[in-house]
Structures are given as C-alpha cells and as structure tokens.
Amino acid sequence: MNAAIEPRVHPVPGAARRVLAWRFDQAVEAISSAAHGGGMGPIDWILNIGVDSGYSRTDIDEHAGEIAAELGLQGHGTALFTAVDVRGVRRAECDGVVVHATVGVSKPTWAAERLQPVTPPGKPDEEGEPARGRVGGESRHFYNTEAEPRARAARERSELERKAQGEAGTRAARESSEQERATTSDAEGGSDNPRLLWGTINVVAQLPAGLEPGAAVNATMTITEAKVQALSEAGIDGTGTATDAAVVTWPAAASRERFAGPRSVWGQRLAVAVHDAVSSGLQDVSTRRTHTR
C-alpha cells in the first residue's frame, strides 16, 4: 500500500496566501474538477493556490503554470484556487484514505437556488456599451444581486478605515487591511465581482485502492455528499460554495474498485475522512468569526 503524500506549504510570488503542493514520486491517476488540469488521467502534482479575495485573473492556466515552474514541478498536474489561507489546511484519515481540505464558506450557496441570469459586469451589450449587471441576454453566469449592496458597503467601510489609519499604515497595516477585507467578505457575503473566490472548499483525497472510471466519478459524488453533511451539521445554509473543487487520486498500479459510493468499502472511508476534514475546517471558520466580532 502506497503511503499518502503530505502537502508542503510554499510562499510563491503571485499567490498572496501561499500554495499547498503535492508532489508524487510514483505513478498516480486522478479525477479532478479543478479548472486547471481537470478531468481524469495521470498526474504528477497538485496545487492548491491561495490568492487574495480580489483575485481577478482570467488566465488561470498561465498562472498555475507560472507557479508550477517556480516550484520546479514537472509533468502534468491539476491546480485549485482558493481565497482561504492554505496554512489552515485540515487533514483527516480513515482506514487508509487521507483527505486534506481547505475550508471557507463566505458565500454559501444552495445548488438549486433559482437566480436571474445577468450579463457579467464589463461585458459589452448589443450596442457595444459595457454592461453592469444587466438582467437578460445570453450568459453562462448567474448572480445573486442582493449581495452587491452589502459588498459595496463593506468596501466603503474598509476604505474609510484605511484613510483613518493615515500614514501610520505601512506594510503591517496593509496586511491587516487585507485580512480584514477577507474577514468582512467571509461574514457579509463577499463582493459583487463574480470572479472572486468566495471562501472555496477544496478537497484533495488520496486512496490506496484504484478506481474504475465509473467509481472515480462516484467518488466525487461521495465527496460532495459528505461535504454537504458537514455543512448541514454546522448549520450552514447552503450545499457548498459556487467555486468548490475536488481531486481524488489513487496509485496507477493498484487494483481497481468498481464502486466508490458511500456504502462501498472505499467510498465509506472516503466519506468519513471528507466529513471529518471539512467539519474541522468549519469549526476553525466559526472560531475566526467569533474572535473578529
């Protein structure tokens, strides 16, 4: 049985809150829902990239590639992004299944909540004028526009506080302000920028048993179910956040299981480990909120 790889925390330019990196020294296969390197197949590394709450880069493939190169990573990998400080990663294990999770719930959502489609801010309308949250038109994005007034008020409050600090702010004050903005976002529903990573829940699971393609897909469903159970038990009003992602890995040479649902042998172990890791992270989020009130 292959030992699970423990991620290492790296400070990397362009990643405001550091990066978690898994570097595999043996052949590994994975299924990933990440925007960079997502899908199913062999991988050599995984990145969980911490960015600030105002992250707006659209060239995420290039960004992930830059960080991988900075860390000297070779081959193919998959990269997740989060506005959570990755140093707060939570680890859980159940009978050989190891799960690492970074947990933030600043903008919990209900998966089937019915929202109005709107044109993303900045996208030109039919007359060539930049649209700002215009309802209607073709769009792949759905936003809850009720969050915009709260976000605007939070930004204005933060700006007033920064001005009040005056020149005494320097680097320490700027870092404090960034942390405060992240905390405000966590408590009040984030920003009106649809590309912001509202407290993403990222899960990386390592199994010692191989998975057939159907079982691999089933494993991602099991992760989601276990995550939702943890959220429900913590009293979070939502099934997750709109940017949650998951990666499941297994040794390429391992014998393959046909099932990974929550009542299969490995699916049950996966569910327990995910539940415990996410629950631990939610407790940490609750503690941070209490301390900042």
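Thr 102 stands opposite Asn 202 of strand β8, in a model that is predicted, where local features need pLDDT of at least 70, side-chain atom pairs count only at pLDDT 80 or more, and totals for chains, interfaces and linings use all residues. Residues are numbered from 1 along each chain as its sequence is written, and side-chain values use heavy atoms, with hydrogens and water left out. Thr 102 belongs to strand β6, which covers residues 97-102; strands (E, at least two residues) and helices (H or I, at least four) are DSSP runs, numbered from the N terminus. Strands β6 and β8 run antiparallel and are joined by five bridges, where two strands are said to pair if DSSP finds at least two bridges between them.

The relative accessibility of Thr 102 is 0%, and Thr 102 therefore counts as buried; buried means under 20% relative accessible area, exposed means over 50%, and partly exposed lies in between, as computed with a 1.4 Å probe on protein chains only. A polar contact of 3.0 Å joins the side chain of Thr 102 to the side chain of Asn 48; such a contact is a pair of N or O atoms within 3.5 Å, of which, within protein, one must be able to donate a hydrogen and the other to accept it, and residues adjacent in sequence count only if both atoms are side-chain atoms. When residues up to four places away in sequence are not counted, Thr 102 touches Leu 20, Asn 48, Thr 82, Val 84, Val 86, Val 89, Thr 200, Ile 201 and Asn 202, contact being defined as heavy atoms within 4.5 Å.

Asn 48 has Leu 80 of strand β4 as its bridge partner, and strands β3 and β4 pair in the parallel sense over six bridges. In a regular strand the side chains alternate between the two faces of the sheet. For β4 both faces are covered, with Gly 77, Ala 79 and Phe 81 buried on one side and Thr 78, Leu 80 and Thr 82 buried on the other. Strand β8, which spans residues 202-206, is mostly covered as well, with five of its five residues buried: Asn 202, Val 204 and Gln 206 lie on one side, and Val 203 and Ala 205 on the other. Strand β8 also pairs in the parallel sense with β11 (residues 245-251) over five bridges, and within this pairing Val 204 stands opposite Val 247.

The largest nonpolar core contains 35 residues, of which Val 99, Val 203, Leu 211, Val 248 and Leu 270 touch the most other members; a nonpolar core is a set of buried Ala, Val, Leu, Ile, Met, Phe, Trp, Tyr and Cys residues joined through side-chain atoms within 4.5 Å. At least two residues of this core come from each of β5 (90-94), β6, β8, α4 (213-233), β11 and α5 (265-292), and α5 gives the most, with nine residues. Another core, of 16 residues, lies apart from it and has Ile 60, Ile 67, Ala 68 and Leu 73 among its members.

In helix α1 (residues 60-70), the residues Ile 60, His 63, Ala 64, Ile 67 and Ala 68 are buried. These residues are on the same side of α1 because they cover an arc of only 135° around the axis, the arc being that of the directions from the helix axis to the C-beta atoms. The face turned away from this buried side carries the exposed residues Ala 69 and Glu 70, and α1 is followed by Gly 72, whose phi is positive, near 75°.

One aromatic pair is found in a search of the whole structure. The pair is stacked, because the rings of Tyr 55 and Phe 81 have their centres 5.7 Å apart and their planes at 25°; rings of Phe, Tyr and Trp (its six-membered ring) pair if their centres lie within 6.5 Å, and planes under 30 degrees apart count as stacked, over 60 as edge-to-face and the rest as tilted. Tyr 55, in the loop between β3 (39-50) and α1, and Phe 81, in β4 (residues 77-82), are 26 residues apart, and both are buried.

Asp 95, in the loop between β5 and β6, is exposed, with a relative accessible area of 55%. The phi of Asp 95 is near 50°, a positive value in a residue other than glycine. Leaving aside neighbours within four places in sequence, Asp 95 is in contact with Trp 266 and Arg 269.
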